[in-house]
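Please look over the model below before reading the notes. The briefing covers the chain fold, a sheet, some backbone features and the cavities.

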Number of protein chains: 2
Amino acid sequence: MELYGYWRSSASYRARIALNYKQIDYHYIPVHLIKEGGQQHKQAYRQLNPNGLVPTLVDGKVILHQSLAIMEYLEDTHPQPSLLPGNAQQRGAIRALALDIASELQPLINLRVQQYLSQQLEVSDNAKQAWLQHWFKQSFQAFERNLEEVAGVYCVGDQFSMADVCLVPQVYSAQRFGIALNDYPIMMGIYQRLLELPFVAAAHPSKQPDAEV
Amino acid sequence: MELYGYWRSSASYRARIALNYKQIDYHYIPVHLIKEGGQQHKQAYRQLNPNGLVPTLVDGKVILHQSLAIMEYLEDTHPQPSLLPGNAQQRGAIRALALDIASELQPLINLRVQQYLSQQLEVSDNAKQAWLQHWFKQSFQAFERNLEEVAGVYCVGDQFSMADVCLVPQVYSAQRFGIALNDYPIMMGIYQRLLELPFVAAAHPSKQPDAEV
């Protein structure tokens with residue numbers, strides 16, 4: 001398999017964790033989101049991914065975008081170890097938490113939105129920082145409340161799942177943007193445990209060939 | 001089952017289409033997103049849904065938020081008729097398109113973001129309209145390009161799927177916000193066919209008990 005991604009992109013980070021967890025070998029192809037006006041906008045890449053976003057997974061003739069669709073595809077084709085363990089109720093809780101991050105928080109704070117705020121709306125750096133603080137706080141407060149109901153060692157019970165895959169890059173991103181994280185003890189406890197898993201550690205942005213550190 | 005929703009919310013509209021498609025009887029409980037400062041923020045509702053968003057599905061002891069997690073749960077518990085027909089490749093394409101709407105477009109144009117733009121950033125009505133136009137155009141252009149590869153009678157091939165469920169409310173929302181739709185002939189052809197399906201028609205906002213028309 002081939003994974004087109006960017007070291008610091010949280011959706012790429014999710015895909016790497018999922019591939020590592022399932023012990024699937026893959027070839028990593030960096031797409032630089034800043035250089036040359038953003039390589040994700042080049043025509044060759046847009047052929048693979050019309051949204052001009054990372055990641056994209058290529059598996060033979062299958063070309064797939066959207067990190068959650070990629071994870072569900074890996075689950076379909078490589079069921080073990082599972083990213084969606086448990087019964088229907090638990091899978092529901094896992095997917096809800098994964099989507100709380102992927103469909104509520106991340107879309108509001110990603111690069112293209114920050115660029116629009118600065119360039120089109122000419123929002124000040126302070127107001128942009130307030131935007132980030134606001135959406136992280138809204139989401140993480142609700143996430144912590146949800147964890148009170150469903151968490152164990154990991155986000156949903158004691159088994160690693162797709163919800164954990166989504167949590168790791170989001171906390172990484174929060175730290176990058178200087179978001180205060182003291183109010184989320186359950187979430188941060190899980191995050192610390194997740195960082196110790198070797199397949200999570202290997203997916204860290206700083207360990208990727210395109211890392212700039 | 002009980003569905004907490006709002007007539008005009010696109011995520012609620014998705015859940016209604018999916019429930020109708022699977023011929024699952026449900027009790028609809030309106031949550032007014034504007035009145036009383038937004039009933040979704042009341043403590044009783046936040047107990048069910050800490051995000052303060054609609055919809056929420058209650059199925060016995062299962063309480064589930066996030067429309068895509070709700071659809072996957074319905075698929076798990078009521079597999080036929082399927083919202084994810086076909087093989088792993090087709091299911092991948094279905095989920096990618098569903099997420100293009102649910103994780104890229106809708107989060108940027110929903111009520112809480114429009115309120116933040118107006119109230120916190122004091123963005124003018126014109127600039128807010130430009131924001132809406134921009135994100136709809138970005139997403140719908142890519143959606144049309146993706147449809148060139150995978151569409152048939154419906155979004156992915158000739159079978160109704162979760163991608164179609166997500167498309168209908170998004171076009172409804174685009175029309176509400178005065179978005180030009182001439183540049184998306186494949187998408188709009190599919191949309192017209194979808195509107196004729198009785199289980200889609202019955203889910204229309206104007207047909208709900210809390211509709212204000």
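Helices (H or I, at least four residues) and strands (E, at least two) are runs assigned by DSSP and numbered from the N terminus. This is a predicted model: local features need pLDDT of at least 70 and side-chain atom pairs count only at pLDDT 80 or more, while totals for chains, interfaces and linings use all residues. Residues are numbered from 1 along each chain as its sequence is written, chains are lettered from A and ligands numbered from 1 in the order in which they are written, and side-chain values use heavy atoms, with hydrogens and water left out.

**Chain A as a whole**

- Chain A contains 9 helices and 4 strands, and its elements follow the order β-α-β-α-β-β-α-α-α-α-α-α-α from the N terminus.
- The radius of gyration of chain A is 17 Å, close to the 17 Å that the globule rule gives for 213 residues, so chain A is as compact as a globular protein of that length. This radius is taken over C-alpha atoms, and the rule is 2.2 Å times the number of residues to the power 0.38.
- Along the principal axes, the C-alpha atoms of chain A fill a box of roughly 45 × 45 × 30 Å.

**Annotated domains of chain A**

- UniProt, in an unreviewed entry, lists "domain: GST N-terminal" at residues 1-82 of chain A. That span is 35% helix and 20% strand, with its end C-alpha atoms 19 Å apart.
- UniProt, again in an unreviewed entry, places "domain: GST C-terminal" at residues 87-213 of chain A. Residues 87-213 of chain A are 69% helix and 0% strand, and the end C-alpha atoms lie 42 Å apart.
- UniProt positions are given in the numbering used here, feature names are shortened, and annotations may be inferred rather than shown by experiment.

**The sheet of chain B**

- Chain B has an open sheet of 4 strands in the order β2-β1-β3-β4, with mixed pairing. Strands β2 (27-30) and β4 (62-65) of chain B stand at the edges with a single partner strand each, so one side of each has no neighbour in the sheet. From one strand to the next, the twist averages 20° (axes are lines fitted to C-alpha atoms, for helices over the stretch in contact, and angles run from 0 to 180 degrees between N-to-C directions).
- Two strands count as paired if DSSP finds at least two bridges between them. Strand β1 (residues 2-5) of chain B pairs with β3(B) in the antiparallel sense over 3 bridges, and B:Y4 stands opposite B:T56.
- Strand β3 (residues 56-59) of chain B pairs with β4(B), also in the antiparallel sense, over 4 bridges. Here B:T56 stands opposite B:H65, and B:D59 stands opposite B:V62.
- The hairpin of β3(B) and β4(B) has 2 residues between the strands, and B:G60 takes a positive phi near 65° there.

**Backbone features**

- Most residues other than glycine have a negative phi, and most peptide bonds are trans.
- A:Q23 has a positive phi near 55° although it is not glycine. A:Q23 sits in the loop between α1 (10-21) and β2 (27-30) of chain A.
- The bond joining B:V54 and B:P55 is cis, with omega about 5°, and B:P55 lies in the loop between α2 (43-48) and β3 of chain B.
- The bond from B:Q80 to B:P81 is cis as well, with omega near -10°. B:P81 belongs to the loop between α3 and α4 of chain B.

**Cavities**

- A cavity is a set of points, on a 1 Å grid over the protein atoms alone, where a 1.4 Å probe fits but cannot get out; lining residues have an atom within 4 Å of a point. Grid points are joined across faces, edges and corners, and a volume is the space filled by probe spheres set on the points.
- The structure holds 3 cavities of 30 Å³ or more.
- The largest cavity has a volume of about 110 Å³. Of its 13 lining residues, A:L68, A:E72, A:L99, B:L68 and B:E72 lie nearest its centre.
- Helices α3 (67-77) and α4 (88-109) of chain A, and α3 (67-77) and α4 (88-109) of chain B, each supply at least two residues of the lining of the largest cavity.
- The lining of the largest cavity divides into 9 nonpolar, no polar and 4 charged residues. Ala, Val, Leu, Ile, Met, Phe, Trp, Tyr, Cys and Pro count as nonpolar, Asp, Glu, Lys and Arg as charged, and the others, Gly among them, as polar.
- The second largest cavity holds about 40 Å³ of space, and its lining residues include A:N51, A:R112, B:D100 and B:Q138. Helix α6(B) gives the most to this lining, with 3 residues.

Conventions. 1 Å grid on protein atoms, 1.4 Å probe; cavity = no way out; pocket = protein on both sides within 12 Å on 5 of 7 lines; lining within 4 Å.
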